[in-house]
Amino acid sequence: MIISMTLELKDIPGQLVLALAPISELHGNIMSVVHQHYEKTPRGTIPVQVTFEIEHTVLNKLIQRLEKSGVRVARVGEERLRSTVSVILIGHIVHSDMGDTIDKIDSTGFAEVVDMSLSMPAIEKTSSAYLVINAVGEKELGMALDILREVADKKDLLMIEPIRLNSVEA
Amino acid sequence: MKTIRISIIGFGAVGQGVARSLISKQEYLKKEGFDIRVVGISDSKGSEINTKGIDLEGALNRKKQKGTVATGGSNAIELIRNVEHDIVVEVTPTNIKNGEPGLGNIRAALMSGKHVVTSNKGPLALHFTELKEAAEDNGLHLRYEATVGGAVPIFNLVHEALAGNFIIGIEGILNGTCNYILTRMAEERMPYELVLKEAQELGIAETDPAYDVEGIDSAIKLVIIANSIFGQNATYGDVDITGITKITPEALELANKNNYVVKLVCEAREGKLTVAPRLVPKRHPLAVGGTLNVASILTDLAGRITISGKGAGSIETASSILSDILYIARNP
């Protein structure tokens with residue numbers, strides 16, 4: 001699983017190593033470290049955001065080790081859905097059983113519709129919806145979009161996706 | 001001083017723009033060492049031919065007063081074949097069904113040993129490979145900067161300035177009418193039908209807007225890009241096209257709230273050609289407003305290069321044509 005943690009370090013030398021060493025010791029794979037030395041917390045500690053991949057069975061052990069060495073664990077969150085995409089749908093969305101479509105995406109287990117706003121100007125007029133879909137990775141995001149494309153095609157909805165060339169650069 | 005003799009085939013907005021630019025640039029061209037002499041102009045009613053050089057002011061006035069430039073009965077093909085000159089500037093209107101009359105004119109030019117500079121999308125979208133090979137076989141130039149993006153020099157940029165780069169993909173907004181309509185809809189929260197009417201009154205959209213708003217014009221330009229830049233042998237049927245007619249002001253508002261604009265984007269990447277409305281982040285270089293055109297080119301060495309500018313207009317289009325004429329003059 002991918003974990004994102006906010007740690008608070010004392011403002012003395014050697015603290016960052018102290019915070020990162022237990023992650024490696026427990027075979028975690030560190031993906032990013034954001035260390036803002038000049039941005040102190042009200043407690044005078046320095047916040048560090050660490051993202052890493054680790055076996056979920058050792059997570060509690062890791063937290064215990066960190067706290068024992070004097071590193072405060074301020075926040076632990078699972079970074080499950082790391083890829084995100086926004087799309088707009090236009091058409092008779094309300095009659096197209098959107099709930100069913102969202103269920104279909106959510107039930108994949110790898111993607112979720114995390115935001116949706118709907119604008120319906122008048123009965124009989126076409127409505128427009130803005131959706132945000134998150135997924136565990138780019139491939140899964142593509143699969144979720146495929147589900148949506150299929151629905152859009154079947155229900156005669158216009159689906160507006162983001163420009164794509166950006167993703168090549170990543 | 002090197003004399004370059006050219007003919008202008010088609011004397012509508014673009015042809016007249018070329019004539020005006022040649023008049024206004026006369027001194028500049030002389031300084032560059034070129035005497036660019038128009039020896040023939042042709043429109044649908046006939047031609048004016050003068051091997052010593054046509055008085056362009058006179059031709060423009062005659063067109064304005066009589067509706068034609070013709071002083072004689074020769075048609076375009078006869079002019080191209082029979083009058084001795086170096087470059088045929090083919091600027092007749094685009095016809096996407098069979099490419100005519102542009103296709104016949106370009107073929108006649110290449111077969112009779114004349115270089116071609118054109119703004120005509122039809123022949124290039126339908127017969128790109130054939131025409132390119134005909135030019136190469138005869139040792140002639142076929143240049144078409146004005147076909148895509150009006151004044152925006154996409155082909156020059158890729159073929160000359162970015163030479164050596166591998167082009168990963170191209171995204172662009174290549175239809176000013178659609179860009180105008182989507183920009184106004186978003187700014188004024190007006191429905192599509194109303195903005196279209198406004199655009200028609202301003203002369204930005206045609207009476208029959210289908211060619212623009214259904215994405216046809218964009219698709220034709222994308223085909224030329226695919227063939228010229230990616231070496232594909234694509235035709236119009238290879239493009240997956242979605243137009244802008246179904247877009248609602250509410251959709252644009254939802255996009256706006258989430259820091260996006262909606263644009264009709266042409267995309268060429270991995271052999272796939274798509275024209276479709278897309279969400280573009282507001283701060284992305286592709287997010288240009290009004291009637292502007294833009295092309296964003298992703299390359300392996302240079303990274304992303306984006307250019308934008310006026311995609312239509314008689315003088316703006318003439319800018320691309322003049323640049324093509326000068327390229328040929330310098331690289332005969």
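How many helices and strands does chain B have? Chain B has 13 helices and twelve strands, where helices (H or I, at least four residues) and strands (E, at least two) are DSSP runs numbered from the N terminus.

1. Basis of the note. This is a predicted model, in which local features need pLDDT of at least 70 and side-chain atom pairs count only at pLDDT 80 or more, while totals for chains, interfaces and linings use all residues. Residues are numbered from 1 along each chain as its sequence is written, and chains are lettered from A and ligands numbered from 1 in the order in which they are written.

2. Overall form of chain B. The radius of gyration of chain B is 20 Å, which agrees with the value near 20 Å for a compact globule of 332 residues; the radius is taken over C-alpha atoms, and the globule rule is 2.2 Å times the number of residues to the power 0.38. The C-alpha trace of chain B spans about 60 × 45 × 40 Å along its principal axes. Of its 332 residues, 49% count as buried. A residue is buried if 20 or more other C-beta atoms lie within 10 Å of its own, exposed if 12 or fewer, and partly exposed in between, with C-beta atoms placed from the backbone. Among contacts in chain B between residues at least 6 apart in sequence, 71% join residues at least 24 apart; two residues are in contact if their C-beta atoms, placed from the backbone, lie within 7 Å.

3. Overall form of chain A. Chain A has five helices and eight strands, and from the N terminus on its elements run β-α-β-β-α-β-β-α-β-β-α-β-α. Its radius of gyration is 21 Å, well over the 15 Å that the globule rule gives for 170 residues, so chain A is more spread out than a compact globule. Along the principal axes, the C-alpha trace of chain A spans about 65 × 30 × 30 Å. Buried residues make up 25% of the 170 residues in chain A. Of the contacts in chain A with a separation of 6 or more, 70% are between residues 24 or more positions apart.

4. Helix pair in chain A. The axes of helix α1 (residues 15-25) and helix α2 (residues 59-68) of chain A come within 10 Å and cross at roughly 155 degrees. Axes are lines fitted to C-alpha atoms, for helices over the stretch in contact, and angles run from 0 to 180 degrees between N-to-C directions. That makes α1(A) roughly antiparallel to α2(A), a term for angles over 145 degrees. The contact is made by A19(A), P22(A) and I23(A) of α1(A) together with L62(A), R65(A) and L66(A) of α2(A).

5. Helix α1 of chain B. The twelve residues of α1(B) (residues 13-24) should span 16 Å at 1.5 Å a residue, and the end C-alpha atoms are 16 Å apart, which agrees; the expected span is 1.5 Å times one less than the number of residues. Among the buried residues of α1(B) are V14(B), V18(B) and L22(B). Elements covering the buried residues include β1 (2-9), α3 (56-66) and α13 (314-330) of chain B.

6. Helix α8 of chain B. Just after α8(B), R189(B) takes a positive phi of about 50 degrees.

7. A buried strand residue. A276(B) lies in strand β10 (residues 272-281) of chain B and counts as buried, with 22 C-beta neighbours inside 10 Å. Not counting residues up to four places away in sequence, A276(B) touches T242(B) and V265(B).

8. Backbone points to inspect. Most residues other than glycine have a negative phi, and most peptide bonds are trans. The peptide bond from E100(B) to P101(B) is cis, with omega near 5 degrees, and P101(B) sits in the loop between β4 and α5 (102-111) of chain B. D156(A), which is not a glycine, has a positive phi of about 55 degrees; D156(A) is in the loop between α4 (138-154) and β8 (158-162) of chain A and counts as exposed, with 10 C-beta neighbours inside 10 Å.

Terms used:
Angles under 35 degrees count as roughly parallel, over 145 as roughly antiparallel, 65 to 115 as roughly perpendicular and the rest as oblique.
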